[in-house]
Amino acid sequence: MTAKAKIIVLGVTGSIAAYKAAELVRRMQQQGWDVWVMMTEAAAKYVGPLTFQALTKHPVAVGKCEAVESSTYQHLDLSGRAGVVVIAPCTANVLAKIAHGLADDVVTATVLAAAGPVLVAPAMNSRMWQNPATQANVKTLKDRGVLVLDVGEGELACGEVGAGRLTELENIVAAVAQTMQKGC
Ligand SMILES: Cc1cc2nc3c(=O)[nH]c(=O)nc-3n(C[C@H](O)[C@H](O)[C@H](O)COP(=O)(O)O)c2cc1C
């Protein structure tokens with residue numbers, strides 16, 4: 001594995017499943033990967049950036065690029081060096097934005113600037129997931145070579161039962177490992 005391939009950029013978005021991203025960081029680190037976290041403004045309402053900063057020992061970029069306290073173009077710097085850019089959990093909103101090439105915050109700008117593979121693990125209410133708009137966005141991304149993981153089924157945080165759960169963390173780690181092995 002090259003030094004470049006070991007860097008994982010993890011974009012965390014405003015899903016209730018954002019709390020699972022902290023454990024995901026740990027699981028990724030157990031693989032020997034150097035994880036850098038970026039968050040949408042909404043995600044930071046569910047989990048504090050300090051949690052990720054403490055776990056990764058790296059600064060955590062949140063929200064609009066202009067709001068990121070950094071002397072570098074972090075979205076460009078990291079997106080160029082990452083082995084894989086992973087968005088987990090990915091909201092319906094960010095899924096739609098990246099399907100349309102929008103880049104109005106550090107997470108979506110990083111995806112648009114990614115030099116390597118992008119992997120997305122959606123998490124949302126089942127009606128949001130099944131909405132034709134979301135399904136069209138998933139198809140757009142898959143057609144473009146983005147790896148969109150399947151959602152899990154079962155009880156959702158909102159109390160409903162259906163498809164839309166964040167897939168199990170081991171599935172995300174396995175998919176990232178597989179993507180790296182392909183020599184990306
Ligand atoms: C309690 C709560 C839980 C939410 N969970 C989800 C979710 O799991 N998936 C999703 O797509 N949106 C969810 N939303 C809606 C998003 O937070 C909202 O669309 C937000 O604007 C997303 O911002 P982001 O995509 O920039 O992170 C939730 C909203 C609330 C209030």
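Analyst: Some terms come first. Helices (H or I, at least four residues) and strands (E, at least two) are DSSP runs, numbered from the N terminus. Residues are numbered from 1 along each chain as its sequence is written. The model is a predicted one: local features need pLDDT of at least 70, side-chain atom pairs count only at pLDDT 80 or more, and totals for chains, interfaces and linings use all residues.

User: Is Ala 121 buried or exposed?

Analyst: A residue is buried if 20 or more other C-beta atoms lie within 10 Å of its own, exposed if 12 or fewer, and partly exposed in between, with C-beta atoms placed from the backbone. Ala 121 has 28 other C-beta atoms within 10 Å and is therefore buried.

User: Which residues does Ala 121 touch?

Analyst: Two residues are in contact if their C-beta atoms, placed from the backbone, lie within 7 Å. Leaving aside residues up to four places away in sequence, Ala 121 touches Ile 87, Ala 88, Pro 89, Cys 90, Leu 149, Leu 166, Thr 167 and Ile 172. The C-alpha atoms of Ala 121 and Asp 150 are separated by 7.2 Å, although the two residues are 29 residues apart along the chain.

User: How many residues of helix α6 are buried?

Analyst: In α6 (residues 106–113), 6 of the 8 residues are buried, and the helix is mostly covered. The buried residues are Val 106, Val 107, Thr 108, Ala 109, Thr 110 and Val 111.

User: How is the packing of two helices described?

Analyst: The angle between their axes and the distance between the axes describe two packed helices. Axes are lines fitted to C-alpha atoms, for helices over the stretch in contact, and angles run from 0 to 180 degrees between N-to-C directions. The axes of helix α4 (residues 74–81) and α6 come within 8 Å and cross at roughly 45°. Angles under 35 degrees count as roughly parallel, over 145 as roughly antiparallel, 65 to 115 as roughly perpendicular and the rest as oblique. The pair α4 and α6 is therefore oblique.

User: Which residues of α4 and α6 meet?

Analyst: From α4, Gln 74, His 75, Leu 76, Leu 78 and Ser 79 meet Val 106, Ala 109, Thr 110 and Ala 113 of α6.

User: How close do the axes of α5 and α6 come?

Analyst: The axes of α5 and α6 come within 10 Å and cross at roughly 35°. Val 94, Lys 97 and Ile 98 of α5 make the contact with Val 107, Thr 108 and Val 111 of α6.
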